[in-house]
Amino acid sequence: MISQRQLQIMAILGVIWMFIFNYVPMYGLIISFKEYSVVKSISEAPWVGLMHFREFIQDDNFWIVIKNTLGISLIKLIIGFPLPIIFALLMNELTSLKFKKAVQTITYLPHFLSWVVLGGILTTWLADVGIINDILIGLGLTNERLNFLAEPDYFWAIVIISDLWKELGWSAIIYLAAIAGVSPELYEASTIDGANKFQRMWHVTLPSIRPTITILFILAVGGVLNNNFDQILVLRNALNESASNVIDIYVYQVGIQNARYSYATAVGLLKSIIAFILLLSANKITKKLDGTSLF
């Protein structure tokens, strides 16, 4: 402790920050079991037990919210998780340093733009007078102009594709870092054995970065119920509400707009419990199958 006091002080500061902003607010979770009102303190609010949880399950919007949340999240996981790995593998095979840097810059750039900015761009592009309609009509794929964000059937696809556009390059960074740590001797040995580029990727690169892939997969499963609140908030409207009403939006509407703080807290707590169970399950399964886990 004394010999590493500088590092310990840095770590303690992080622990203090986490305690203040992550653990102290957890006291407020008890209002999910109370009928809280802003005119009274938390301690004065009467206990109601599991009433808010039962109310959410019996709500007419329950299955719509669950369907949209799981639908968007699972498709994002199925498509969005392997694509950064594939992209990193392909980037690693590029031999032109200038071209590689150009591709990296282009793919990383959207990550640094907020969803408010990107949402405005997408709203303009996807309007009935936007560039997407111009391209489709120019290619002869359609004769009718559509306002894509006004159609619930297109909303999931728009959310998933736009999320990939924004985060693909950034998500690949950690895989590129893991690939950089692979011993060059392994590639040299595989080349001597006659392996081509695809075989080196499959038999050398992927097995070498498998622990990194496993850890990130566990975290992705734990966050499967998180539907990028900012993204959906800027893209949703009254016309696509049937496809855009997810748990995070529902909590925002009920808790902030309708001031039902106890009910919204109960919904958020239920979501967190399910996410925690998914995290533990994914961790246990990967530990048995691969021997790699978070804990």
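Predicted model: local features only at pLDDT ≥ 70, side-chain atom pairs only at ≥ 80, totals over all residues.
Residues are numbered from 1 along each chain as its sequence is written, and side-chain values use heavy atoms, with hydrogens and water left out.

Let me begin with two helix pairs. Leu-77, Ile-78, Ile-79 and Gly-80 of α3 are in contact with Pro-82, Leu-83 and Pro-84 of α4. By class, that contact has six nonpolar, one polar and no charged residues, where Ala, Val, Leu, Ile, Met, Phe, Trp, Tyr, Cys and Pro count as nonpolar, Asp, Glu, Lys and Arg as charged, and the others, Gly among them, as polar. The axes of α3 (residues 62-80) and α4 (residues 82-92) come within 5 Å and cross at roughly 20°, the axes being lines fitted to C-alpha atoms over the stretch in contact, with angles from 0 to 180 degrees between N-to-C directions. The two helices are therefore roughly parallel, a term for angles under 35 degrees.

Turning to α8 (residues 152-171) and α9 (residues 173-180), their axes also come within 5 Å and cross at roughly 20°, which makes α8 roughly parallel to α9. Gly-169, Trp-170 and Ser-171 of α8 make the contact with Ile-173, Ile-174 and Tyr-175 of α9, and these residues divide into four nonpolar, two polar and no charged.

Now to the aromatic rings. Rings of Phe, Tyr and Trp (its six-membered ring) pair if their centres lie within 6.5 Å, with planes under 30 degrees apart counted as stacked, over 60 as edge-to-face and the rest as tilted; by this rule there are 13 aromatic pairs. One of them is the edge-to-face pair of Tyr-36 and Tyr-261, at 6.4 Å centre to centre and 65° between the planes. Tyr-36 sits in the loop between α1 (5-23) and α2 (51-58), and Tyr-261 in helix α16 (residues 261-290), 225 residues apart. Tyr-36 is partly exposed at 22% relative accessible area, as is Tyr-261 at 31% (buried is under 20%, exposed over 50%, partly exposed in between, with a 1.4 Å probe and protein chains only).

Phe-56 and Tyr-263, by contrast, are both buried. Their ring centres are 6.5 Å apart and their planes at 75°, so this pair is edge-to-face, and it links helix α2 with helix α16 across 207 residues.

Terms used:
Helix = DSSP H or I, 4+ residues; strand = E, 2+ residues; numbered from the N terminus. Parallel < 35°, antiparallel > 145°, perpendicular 65-115°, else oblique. Contact = heavy atoms within 4.5 Å.
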